[in-house]
Amino acid sequence: WSPDGEKIVFMSDRGGVFDVYEKSARGSGEEKLILKSDEAKSTSSWSRDGRYIGLTTRNQKTLLDAWALPTFGDRKPIAIAVSPFSESQPMLSPDGRFVAYVSNESGRDEIYVQTFPDTGGKWQVSNGGGSDPSWRGDGKELYYRSPDQKLMAVEIRGGTDVQAGIPQALFVLRVRPGNPRNKYTPSADGQ
């Protein structure tokens, strides 16, 4: 859903590979193809200001890569994390200054936070593995799913860099492991 609730983005493989489409949430009007390429894509977030859509692409050389798709201008995707490792599930912070994502560069899936849109600093905020990051509404806490299916919370303090607290287990999630995303959604106040 777009932040104003007026649009939805979705993926469809009707062209042979998953591309990204946009449609009015009211169901009226035609759907619009907003990103087409030879790589499969999946969306994971929409920035609160509506300017960026977080997405993951699948590439034979670089595996999974994290990108941000601008909803303005030429709509050329901006690389968040593209490497020989798998990076996925980019979630833009409520203030738009940071992005959380999953990467296996340490040898297992962990949660990282880096600056956005300029990808200068990067910080690992999980310990012991993690997936499915989501921000609390004020951006002061990040939630993620641990490998043993616990919902974890870590305090995030950020100026020009990120200072992460110690991850705390909140409770065991009653969801099946694996994909797809959005097995939980925190309320705006994080309660």
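How many of the residues of strand β6 (residues 63-70) are buried? The count is 6 of 8, and the strand is mostly covered. Buried here stands for under 20% relative accessible area, exposed for over 50% and partly exposed for in between, with a 1.4 Å probe and protein chains only. The model is a predicted one, in which local features need pLDDT of at least 70 and side-chain atom pairs count only at pLDDT 80 or more, while totals for chains, interfaces and linings use all residues. Residues are numbered from 1 along each chain as its sequence is written, and side-chain values use heavy atoms, with hydrogens and water left out.

Strands are DSSP runs (E, at least two residues), as are helices (H or I, at least four), numbered from the N terminus; two strands pair if DSSP finds at least two bridges between them. In general, strands of a sheet pair through backbone hydrogen bonds, either parallel or antiparallel. A68 turns up in both pairings: A68 is the bridge partner of G54, and A68 stands opposite I78 in β7.

Rings of Phe, Tyr and Trp (its six-membered ring) pair if their centres lie within 6.5 Å, and planes under 30 degrees apart count as stacked, over 60 as edge-to-face and the rest as tilted. By this rule the structure has 4 aromatic pairs. One of them is Y52 with F72, edge-to-face, at 5.6 Å centre to centre and 80 degrees between the planes. Y52 lies in strand β5 and F72 in the loop between β6 and β7, so this pair ties together parts that are 20 residues apart in sequence. Y52 is buried at 12% relative accessible area, whereas F72 counts as partly exposed at 33%. Y52 also pairs edge-to-face with F116, at 5.0 Å centre to centre and 90 degrees between the planes. Here the reach along the chain is 64 residues, because F116 lies in the loop between β10 and β11 while Y52 lies in β5. Y52 and F116 are both buried, and ring pairs link Y52, F72 and F116 into a cluster.

A charge sits over a ring if NZ of Lys or CZ of Arg is within 6 Å of the ring centre and within 35 degrees of the ring normal. The charged end of R51 sits over the ring of F72, 4.0 Å from its centre. Likewise, K122 lies over the face of Y112, at 5.5 Å from the ring centre.

Now for the salt bridges, each a side-chain nitrogen of Lys or Arg within 4 Å of a carboxyl oxygen of Asp or Glu. The whole structure holds 14 of them. Among them is E22 with R75, whose closest N and O atoms are 3.8 Å apart. E22 lies in strand β2 (residues 19-24) and R75 in the loop between β6 and β7, so the pair ties together parts that are 53 residues apart in sequence. Both E22 and R75 are buried, and K7, E22 and R75 are linked in a network of salt bridges. R108 and E110 meet at 2.7 Å, N to O; R108 is partly exposed at 45% relative accessibility, whereas E110 is buried at 2%. R136 and E141 meet at 3.2 Å, N to O, with R136 buried at 18%.

G107 is found in the loop between β9 (98-103) and β10 (110-115) and counts as exposed at 66% relative accessibility. G107 and G129 are 22 residues apart in sequence and 9.6 Å apart in space, C-alpha to C-alpha.
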